[in-house]
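Work through the exercises below with the sequence and the model side by side. Try each task before reading its solution.

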Amino acid sequence: MIPIAQPSMNEEERDAVLEVLASGALAQGPRVKALEETFARFCGTSYAVAIVNGTAALHTALYALDIQEGDEVITTPFTFVATANAILMQQARLVFADITEDDFNLDPLSVAQKITPRTKAILPVDLYGQPYRVQEINALAKQHDAVIVEDACQAIGATYKNKKTGALGDVGVFSLYATKNIMCGEGGMLVTDNKEAAERAKRFRHHGQDENKRYEYGDLGYNYRMTDLAAAIALVQLKKADSLNEKRRANAQRLNEGLSSLPGIITPTVRENNTHVFHQYTIRITPACPVTRDALANHLKSKEIGCGVYYPKPLHLHPHFMRLGFKPGDFPVAERMAQEVLALPVHPGVTQDNIDYIIKTIQAYAR
Ligand SMILES: Cc1ncc(COP(=O)(O)O)c(C=O)c1O
């Protein structure tokens, strides 16, 4: 089977973990601090705060920017559930806007329609590894005095006008989950240029305790700390981020070359001024294709080619969110994309032979 995701690691990560084990200090410590410094440098931000996972980092980001109960936060329904759940964790009001079909990211026109005087934040997602529509969405936020929390969980190392993801809004958030472009099993990171937000984030991850005043609690917080074991792996991975992303880009290019002329199949678009890091390489199987998306997915699996649908149902159609009043038809582009998308293996472990086989298999079945 060619897996849809596979972590890229070797003895460097193993040795880094063994060193931490030998040190006897496994919880948050010097590796976490080193990871934060390296991450901030990588993203070009003044601060980075390590958090136990991406979901907790999103929650922390909303707290850090003082999003409170009843504040409206606009996000996309075509994302991993954590994006929306973080808004609910902060007791804010979840407002969805629709997406555009070329990049699967928030549509600025739809966002503009959802803005009210209570809108305090916009939470765009750099889905599949491509930055959101920065110019339009940031301009909307500025006009309406709202902040931007960038969910860059899938997009470490991608850029908009040479600026790295994470640094595109007020606070950016990454996931270091096992399948991400760089990973440490479970992990997260918050980056920002806002000193106060970084300080608030550090308190929030440690039960509201001020960094320099032990056992003094100024506010509600959680245990959202990262371990030095995880940070040791992430430090090694971060060094490799650019070369791992380069391999994904090269694989995506080869897949584009083999698939873009097939009828009814749409290969990924990279918007002007963006670089894409292809956390997922997602094609669309439109009605003009002679086979359905699900038939193609089943066929690929029968031929030992891993593939995935991210995501089979937009968030607003799940019971958890329908209880908030959302209904079918609310976000037609997101609903259509959920029917059409199919992700193919693109990770650095995918070889040229694998790519040739994937292309040949799809060409033979979908012509
Ligand atoms: C877009 C997006 N947001 C948030 C998350 C949550 O990250 P984590 O799984 O590290 O909690 C993920 C990844 O899983 C994600 O892909």
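Helices (H or I, at least four residues) and strands (E, at least two) are DSSP runs, numbered from the N terminus. The model is predicted: local features need pLDDT of at least 70, side-chain atom pairs count only at pLDDT 80 or more, and totals for chains, interfaces and linings use all residues. Residues are numbered from 1 along each chain as its sequence is written.

**Exercise 1. Which loop holds Glu-304, and is Glu-304 buried or exposed?**

Step 1. Glu-304 sits in the loop between α10 and α11.
Step 2. Apply the cut-offs: a residue is buried if 20 or more other C-beta atoms lie within 10 Å of its own, exposed if 12 or fewer, and partly exposed in between, with C-beta atoms placed from the backbone.
Step 3. Glu-304 has 11 other C-beta atoms within 10 Å, so it is exposed.
Step 4. Check the backbone: the phi of Glu-304 is positive, about 70 degrees, although the residue is not a glycine.

**Exercise 2. What joins Tyr-310 and Tyr-311?**

Step 1. The two residues are joined by a cis peptide bond, with omega about 15 degrees.
Step 2. Tyr-311 belongs to the loop between α10 (293-302) and α11 (319-322).

**Exercise 3. Why is helix α3 described as largely enclosed?**

Step 1. Helix α3 covers residues 54-64, and eleven of the eleven are buried, so the rest of the structure largely encloses it.
Step 2. Among the buried residues are Gly-54, Leu-58, His-59 and Tyr-63.
Step 3. After α3 comes Asp-66, with a positive phi near 65 degrees.

**Exercise 4. Describe the residues around the ligand.**

Step 1. A residue is near a molecule or strand if its C-beta atom, placed from the backbone, lies within 6 Å of it.
Step 2. There are 14 residues around the ligand, and Asn-53, Gly-54, Thr-55, Cys-153 and Ser-175 come nearest.
Step 3. α3 and α4 (81-89) are the elements that give two or more residues to this shell.
Step 4. For classes, Ala, Val, Leu, Ile, Met, Phe, Trp, Tyr, Cys and Pro count as nonpolar, Asp, Glu, Lys and Arg as charged, and the others, Gly among them, as polar.
Step 5. The shell then has five nonpolar, eight polar and one charged residues.

**Exercise 5. What is the strand order in the open sheet of seven strands?**

Step 1. Two strands pair if DSSP finds at least two bridges between them.
Step 2. The order is β1-β9-β8-β5-β4-β2-β3, with mixed pairing.
Step 3. β1 (47-51) and β3 are the edge strands; each has a single partner, so one side of each has no neighbour in the sheet.
Step 4. Inside the sheet, β5 (residues 147-151) and β8 (residues 171-175) are parallel and share three bridges. One detail is Asp-151, whose bridge partner in β8 is Val-173.

**Exercise 6. How do the two domains meet?**

Step 1. Domain bounds come from an automatic or database domain assignment, which gives domain 1 (11-97 + 105-239) and domain 2 (241-366).
Step 2. Their centres, taken over C-alpha atoms, are 25 Å apart.
Step 3. Counting two residues as in contact if their C-beta atoms, placed from the backbone, lie within 7 Å, 25 residues of domain 1 contact 25 residues of domain 2.
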